[in-house]
Each structure stands twice: as C-alpha cells, then as structure tokens.
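Here's a quick tour of a protein model, written for someone who is just getting started. Have the sequence and the 3D view open side by side as you read.

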Amino acid sequence: MTKFIKMLAAGIGAMAMMIGAAVADIKPAVVYDMGGKFDKSFNEGVWNGVKKFTEETGIEVMEFEVTNPNQREQAMQRMAERGATIVLGVGFAQADAIAKVAAEYPDVQFSIIDVGWLDAPNLRQYVFKEHEGSYLVGVAAAMASQSGKVGFVGGMDIPLISKFACGYVGGVKSVNANATVYQNMTGTTPSAWNDPAKGAELTKSQIDRGADVVYHAAGGTGMGVIQAAADAGKLAIGVDSNQNGIAPGSVLTSMLKRVDVAAYETFMDAKNGNFSAGLHTLGVAEGGVDWALDDNNASLVSADMKAAIEKARADILSGKVTVHNFESDSNCPY
Amino acid sequence: MEGLWLQFLLTIDATLRVATPLILCAMAGIFSERSGIIDISLEGKMLMSAFAAASVAAVTGQPWLALLVAIGVSVFLSLIHGFACITHRGNQVVSGLAINILASGLTVTLGIAFFAQGGQTPFLKGDQRFSPITLPFADTLRDIPFLGPIYAEVISGHNIIVWIALLAVVVTSLVMMRTRFGLRLRAVGEKPEAVDTAGISVVLMRYQAVLIAGVLCGIAGAYLSIAHGAGFVREMTAGKGYIALAAMIFGNWRPLQALYACLMFGFLDAVAARVQGLELPLIGEVSSDLILALPYVLTVIFLAGFIGRATPPASIGVPYVKER
C-alpha cells in the first residue's frame with residue numbers, strides 16, 4: 001500500500017513537473033541596442049514585433065536597453081541567468097556578445113537580427129534582402145524623377161551599404177535605362193553614420209548636378225540628406241523605418257526593413273516549439289522588406305508609380321526579376 | 001565651360017558652408033591657446049551647444065533663443081575648463097578631454113530622456129532654423145555671364161552664421177593684433193610673469209579668453225544643428241573640433257592663416273563630395289577610397305612640406321603660479 005502511494009505520489013509529481021514545464025515553457029527576452037526601444041528606428045521596429053507577440057500570446061518578454069557597448073554581453077548573460085529560454089539580440093553590434101554567450105549557455109536559444117556570419121547550434125540569425133527593398137524604392141525614384149538623375153547617399157563604405165546602392169540602381173535602371181545615379185559614401189569610419197552635415201553637403205552636391213530624388217542608407221547622416229532635399233524642394237527616400245513623417249511632402253517613400261517580423265517570428269517559433277538554428281533571410285517574399293505608403297507621402301505617389309512598384313514587387317515574387325546581391329560577388333552589374 | 005564654371009562656384013559655395021564651424025572653432029582655439037590654455041574641448045563644447053540649440057529650437061521654435069542658450073551652455077563648459085585649469089592649475093588636456101567625454105555621453109542621455117528618439121532631437125522645420133539669406137538682386141544678376149553666378153551662388157544664399165564666422169575672423173584679427181587687450185592676451189600666453197609684474201591679473205585675462213572661446217564654440221554648435229543642419233544627431237560634430245584645432249596649428253595660431261587652413265579643409269571636403277564616383281577625363285572614375293582619404297593625405301603633405309615649424313605660445317599648457 002505504501003509502495004503504491006509512493007508510486008502514485010511520484011507519478012503525480014512527475015505529471016506536475018511536466019505540466020509545469022509545459023506552462024513555463026517559454027521565457028523570452030530581448031536585448032535592445034544603443035538608442036533604446038523608442039528610437040523611431042531599428043530598436044523600435046523590434047519593439048513593435050515584441051509588442052505584437054505579447055498582445056497575441058499574453059507572454060511577457062523580459063527587456064533590457066543597452067546604454068553602453070560593455071553592457072551587451074552582461075545583459076545577455078543576465079537574461080540567461082534569470083531563466084530566459086530564448087534571447088533576442090538586436091543589430092550587428094551585438095554579434096560578438098551573442099556568439100560568446102550562446103556558447104556559454106548551450107541550452108538557451110538565441111536569435112540575432114542583421115547578422116549572418118556566425119555559427120552556433122543554438123543561434124538563429126536574420127538577414128534581410130535590402131537589395132530587393134532598395135530595388136522597389138529605386139523604381140519609385142525613377143518614376144518620380146523629372147531630370148532622369150537620382151542620387152544615393154550611403155553611410156560607411158562597407159559591402160552592406162553597396163548592397164543597398166546596387167539594388168537601388170537596379171530599380172532605377174529598370175524604369176529608365178538612361179537614368180544617371182549619383183552615388184556617394186559619407187566616410188570609411190563609424191562616424192560616417194552620424195554626420196548629418198556631410199550628408200547634407202553630399203546631397204546638395206548631387207542636387208547641384210541635377211538629381212531630384214535622393215535615397216539614403218546612412219543612419220543619422222540621413223537626417224542631413226532629408227533636410228537638404230527638403231530645403232531644395234527635392235525628394236528624399238528614407239530607410240529602415242518609415243521616415244515619411246520626418247519631413248512630410250519631401251520624403252517620397254521609405255525602404256522598410258521589417259525587423260518586427262523577425263522579432264515576432266523568433267518568439268512565435270520558440271513558443272510553438274519550431275525554433276531552429278541557422279540563417280533566415282527575409283526578402284520581399286517573406287515580408288521582410290517593403291516600401292512605405294502612408295498619409296505623409298500619399299500625395300507624392302501617383303497611381304502610375306504605385307502600379308510600377310507593385311509590378312516590380314510581383315516580378316520579384318514570381319522570380320521574373322532577380323535583384324543582384326552585391327555581397328554575393330562584390331560587383332554591381334547595373 | 002559655362003557648366004564647369006558653375007560647378008566650380010558651387011564647390012566654393014559648399015566650401016564656405018563646410019568651413020564655417022571650423023572657422024568659428026579655430027578662432028575659439030586661438031583666443032584660448034594664445035592666452036596659454038590648451039583647448040581640446042572645442043569638440044565637446046560644440047557638440048553640447050549643438051544639442052542645446054536643437055532642443056530649444058524644437059521646443060520653442062525660436063532660433064535666436066536657441067543660439068543664446070547654445071552660447072550659454074558652451075560658456076558654462078568653458079568656465080568648468082577654466083575653473084579646472086586656471087583656478088586649480090589642473091592638466092589642461094585632461095580637463096578638455098573630460099569635457100569631450102561628458103558632452104558625448106550627456107547629449108545622448110538627455111536626448112533620449114527629453115525626446116525618446118534614440119538621442120536625436122526632432123527634425124526642425126523651416127522657421128525653427130536660420131534659413132539662407134538671399135541677397136538683393138541675386139536672381140536678376142544671375143544672368144550676367146561669368147560674374148553673375150559668383151554673386152548669386154557664392155555670395156548670396158548663406159545663413160547668418162556663415163557671415164558671423166567671417167566677421168569673427170576679422171574681429172579676432174583686430175582684437176589680437178591691434179588692441180591693448182590683444183597684446184595683453186598674447187603676452188599672458190608667452191610670458192605671464194611679465195604681465196603679472198605689470199599689474200595685470202593673469203587669471204582674469206585667461207578667464208576672459210576661455211569665455212570668448214566658449215561664445216564662439218556655442219555659435220559653431222548652433223550652426224551645426226539649427227542652421228546648416230536641422231536637428232541634433234548623436235556625435236554629429238564628427239571630429240570637426242579636432243580638425244579646427246589642426247587648422248589653428250597650421251595657421252600658426254594666427255587668425256588669417258587659420259582661416260586659410262579652415263577653407264582648405266572645407267574645400268577638400270567639398271571637392272571630395274563632388275568628385276566621388278565622377279568620370280574624369282584621362283583618369284577615369286576615381287576610387288571613392290582615394291577621395292575619402294584625400295584630405296588626410298594632403299594634410300600630411302601640407303604639414304610636412306609647406307607649413308614649416310609651428311611655434312606655439314611659449315607658456316601654453318603651463319599653469320601660472322604667482323608665488324611658490
């Protein structure tokens with residue numbers, strides 16, 4: 001009898017543990033990068049995805065906002081220590097930290113956005129087909145341009161930014177094969193991301209040469225691009241998040257990088273037990289990149305332009321058009 | 001030909017715009033260093049006042065008020081610098097560096113706290129900034145061949161701070177070389193004992209110098225965020241304070257020569273922006289790496305070949321001790 005009770009107790013205990021395990025299955029955490037979660041840009045995009053996940057599932061997500069570079073690794077370690085089952089890192093600056101912490105905590109799942117070169121059995125990496133999104137806004141630029149000349153201002157001169165530039169040129173040339181695309185990089189050091197004065201000068205130089213639409217992929221430097229275009233009565237194209245509202249009427253559209261999709265997908269997969277390590281690439285087909293249309297730019301986007309962009313999107317989806325990825329061979333064929 | 005001439009003029013126009021913060025900071029540096037106080041905190045003061053100007057302009061919409069607040073913030077930092085190195089005879093480089101680090105961190109932290117946009121301030125609209133001033137007859141005179149575009153493109157269409165910067169050079173030059181105050185200021189930087197013997201307070205002279213430097217840096221910061229730019233972005237000074245410092249040393253601590261050095265840096269920057277990716281006759285497309293490196297390469301060449309020995313004020317960096 002006592003033996004039976006003991007067995008019963010053990011059985012109930014085991015069952016309770018299993019139920020407990022099923023309920024406390026997922027404990028997600030996110031480590032935002034410098035700028036904080038309301039930065040009207042990258043981090044805020046991630047936050048939108050996290051918010052959507054929490055609203056749909058009721059599962060709270062632990063959060064940390066990094067305010068200096070040394071905190072990245074500590075923050076991830078602390079999340080793992082506090083029992084997080086899945087930790088999401090934001091941005092390529094966190095790559096080193098997540099690689100190290102993922103090795104230290106092999107039982108915890110990790111995921112990072114904008115990194116594609118790491119390799120760990122418990123790490124998922126998200127990269128975006130920025131060239132496809134840039135292609136779409138390139139089509140918009142060529143449709144909006146009256147001079148047949150458009151511009152591109154990049155931040156730091158790295159292959160990732162050339163990938164934006166190349167896709168953009170492809171989009172422009174698909175509409176107007178004779179179009180001229182002026183391209184400028186702001187610099188070769190990280191300060192190139194935060195130099196709006198230089199961004200404005202580069203934009204003015206392109207406008208002086210006849211450009212009337214300028215696309216930027218330059219972070220904070222892009223504020224100068226948008227400002228210079230607005231001052232000159234020309235059009236700018238925003239990047240990463242929806243920047244149409246920065247200078248309504250002067251921002252033609254924005255190339256959206258849907259980091260919220262990556263954040264939402266990470267946590268949803270973890271919740272449903274579908275988490276897998278490896279590289280995930282989000283393009284037009286996956287809803288990872290897009291162009292922005294809202295009240296701020298509705299008057300700038302003509303029906304023809306909209307149709308042309310939607311056709312370009314359909315062509316990319318159907319495989320009729322393959323946008324060249326600069327990073328694949330360090331070359332731009334357009 | 002006509003088009004090429006216009007492109008050249010537009011480059012000169014851009015040179016003035018790019019050089020303006022450098023000129024203001026270089027003049028600030030001249031005042032401070034001629035009095036014997038090393039000022040590597042030009043960068044930090046400029047950054048802090050850029051943030052202050054953008055914040056005030058965003059909230060109140062008053063560019064002139066924003067300029068005043070920017071000057072106030074910069075002067076305050078100058079006073080901290082003065083307090084550390086004049087009153088307490090601290091290390092001037094360390095104090096300057098501390099101000100730079102303080103500005104770099106504090107602007108972003110305050111920016112996130114005030115506006116919650118990742119350290120940026122809101123984008124400023126037209127009347128919240130100093131807009132370009134088109135001089136009279138600019139449009140009518142534009143059509144005069146050759147000379148018309150000079151007036152319309154190069155001279156007209158700058159915002160008020162560009163003019164303030166050029167005026168600052170004239171005033172600095174006159175004050176330094178033609179007034180009693182300037183003579184005393186230079187003497188304080190060369191041989192403070194002599195000035196003290198003559199019954200003039202070294203401490204007071206040096207405080208006055210760093211105060212003037214603060215005012216000029218404040219104007220430079222406001223130029224970046226509310227005149228040339230339209231809002232604050234973290235670290236937006238991007239090393240301009242240090243370039244101004246280099247220009248000042250190029251110019252041998254003299255206002256006019258420093259102005260030329262600033263214009264040279266500005267010109268190289270403006271050319272780099274325009275030549276990048278351009279097909280040039282005979283040479284073909286210039287590599288963007290080369291263009292981006294050009295200002296630094298030329299700096300080394302100029303420094304080694306043309307400038308010769310730079311002679312700093314004799315007592316620079318040495319705190320004045322009246323009595324042991």
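A:Val153 stands opposite A:Asn184 in strand E7 of chain A. This is a predicted model, where local features need pLDDT of at least 70, side-chain atom pairs count only at pLDDT 80 or more, and totals for chains, interfaces and linings use all residues. Residues are numbered from 1 along each chain as its sequence is written, while chains are lettered from A and ligands numbered from 1 in the order in which they are written.

**The sheet with E7(A)**

- Strand E6 (residues 149-156) of chain A pairs with E7(A) in the parallel sense, over seven bridges. (Two strands pair if DSSP finds at least two bridges between them; helices, H or I with at least four residues, and strands, E with at least two, are DSSP runs numbered from the N terminus.)
- Both belong to an open sheet of six strands in chain A, ordered E7-E6-E8-E9-E10-E12, and the pairing is mixed.
- At the edges sit E7 and strand E12 (289-291) of chain A, each pairing on one side only.
- Ignoring direction, neighbouring strands of this sheet are turned by 15 degrees against each other on average. (Axes are lines fitted to C-alpha atoms, for helices over the stretch in contact, and angles run from 0 to 180 degrees between N-to-C directions.)
- Helix H5 (residues 130-144) of chain A packs on the sheet, and its direction makes about 170 degrees with that of E10(A).

**The other sheet in chain A**

- Here six strands form an open sheet in the order E2-E1-E3-E4-E5-E11, with parallel pairing.
- Its edge strands are E2 (62-65) and E11 (278-282) of chain A.
- Four bridges join E1 (residues 28-32) of chain A to E2(A), and A:Ala29 has A:Met62 in E2(A) as its bridge partner.
- Helix H3 (residues 71-81) of chain A packs on this sheet, touching E1, E2 and E3 (86-90) of chain A.
- Helix H4 (residues 95-104) of chain A runs at about 170 degrees to E4(A).

**Two domains**

- Chain A is assigned domain 1 (2-128) and domain 2 (130-256 + 289-329); such bounds come from an automatic or database domain assignment.
- The C-alpha centres of domain 1 and domain 2 of chain A lie 35 Å apart.
- Six residues of domain 1 of chain A are in contact with four residues of domain 2 of chain A. (Contact means that the C-beta atoms, placed from the backbone, lie within 7 Å.)
- Helix H2 (residues 42-57) of chain A supplies the largest share of the domain 1 side, three residues.

**Where chain A meets chain B**

- The contact takes 31 residues from chain A and 30 residues from chain B.
- H7(A) gives the most to chain A's side, with eight residues.
- By class, chain A's side has ten nonpolar, 14 polar and seven charged residues. (Ala, Val, Leu, Ile, Met, Phe, Trp, Tyr, Cys and Pro count as nonpolar, Asp, Glu, Lys and Arg as charged, and the others, Gly among them, as polar.)
- The axes of H7(A) and helix H12 (residues 255-275) of chain B come within 9 Å and cross at roughly 55 degrees.
- That makes H7(A) oblique to H12(B). (Angles under 35 degrees count as roughly parallel, over 145 as roughly antiparallel, 65 to 115 as roughly perpendicular and the rest as oblique.)
- A:Glu201, A:Leu202 and A:Ser205 in H7(A) meet B:Ala270, B:Ala273 and B:Arg274 in H12(B).

Key:
Two residues are in contact if their C-beta atoms, placed from the backbone, lie within 7 Å.
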